[in-house]
Amino acid sequence: RNVFLDHEPSLEFILSQLEIVEKIAKKQGYAVAIGHPRPTTISALSQWLPSIAGKGLNLVPISVIMAKRTGIPLKLIKLSAN
């Protein structure tokens, strides 16, 4: 992981961590963030997620990142439960 989102559980801290995620993703082409399913984390993600497309970012499963890094064809990666 690049960023742990919520080791401080405040909304302001989590949003600042998400800004770091953005900077890392833009610099290296991806960023991996982890956190807990806490109410403040969910609230921060609910605010942040609608804005990422406008920032040129995409949310993808970790399997997509690993496939690209290891050369596994993306067609072999299952992206949904369907």
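Predicted model: local features only at pLDDT ≥ 70, side-chain atom pairs only at ≥ 80, totals over all residues.
Q: What pattern does the chain follow along the sequence?
A: Read along the sequence, the pattern is β-α-β-α-α.

Q: What box do the C-alpha atoms fill?
A: Taken along the principal axes, the C-alpha atoms of the chain fill a box of roughly 40 × 30 × 25 Å.

Q: And how much of the chain counts as buried?
A: Of the 82 residues, 27% count as buried.

Q: What about contacts between residues at least 6 apart in sequence: what share join residues at least 24 apart?
A: Among those contacts, 58% join residues at least 24 apart.

Q: Let's go to α1. What does it reach from first C-alpha to last?
A: Helix α1 covers residues 11-28, which is 18 residues, and reaches 26 Å from its first C-alpha to its last. That is close to the 26 Å expected at 1.5 Å a residue.

Q: Which of its residues are buried in α1?
A: F13, I14, Q17, L18, V21, E22 and A25 are buried in α1.

Q: What covers them?
A: The cover over the buried residues of α1 includes β1 (3-4), β2 (33-34) and α2.

Q: What comes just after α1?
A: G29 does, and G29 takes a positive phi of about 95°.

Q: On to α2. Which residues are buried there?
A: The buried residues of α2 are T41, A44 and W48.

Q: Why are they on the same side of α2?
A: They cover an arc of only 65° around the axis, so they fall on the same side of α2. As background, an α-helix has 3.6 residues a turn, so residues three or four places apart point the same way.

Q: What do the buried residues of α2 pack against?
A: They pack against α1.

Q: And in α3, which residues are buried?
A: V64, I65 and A67 are buried in α3. They cover an arc of only 160° around the axis, which puts them on the same side of α3.

Q: What follows α3?
A: G71 follows α3, and its phi is positive, near 85°.

Q: Which lining residues are the closest to its centre?
A: Of the 29 residues that line the largest pocket, A31, N58, L59, V60 and I65 are the closest to its centre.

Q: Which elements give two or more residues to the lining?
A: Those are α1, β2, α2 and α3. The largest share of the lining, five residues, comes from α3.

Q: How does the lining divide into nonpolar, polar and charged?
A: The lining residues of the largest pocket divide into 20 nonpolar, six polar and three charged.

Q: Is G56 buried or exposed?
A: G56 has a relative accessible area of 62%, and the cut-off for exposed is over 50%, so G56 is exposed.

Q: How far apart are G56 and E22?
A: G56 and E22 are 34 residues apart in sequence and 9.6 Å apart in space, C-alpha to C-alpha. E22 is one of the buried residues of α1.

Technical notes
Residues numbered from 1 in each chain as written. Heavy atoms only, no water. Buried < 20%, exposed > 50% of the residue type's maximum accessible area, 1.4 Å probe, protein only. Helix = DSSP H or I, 4+ residues; strand = E, 2+ residues; numbered from the N terminus. Expected span 1.5 Å × (residues − 1). Contact = heavy atoms within 4.5 Å. Arc of directions from axis to C-beta. 1 Å grid on protein atoms, 1.4 Å probe; cavity = no way out; pocket = protein on both sides within 12 Å on 5 of 7 lines; lining within 4 Å. Nonpolar A, V, L, I, M, F, W, Y, C, P; charged D, E, K, R; others polar.
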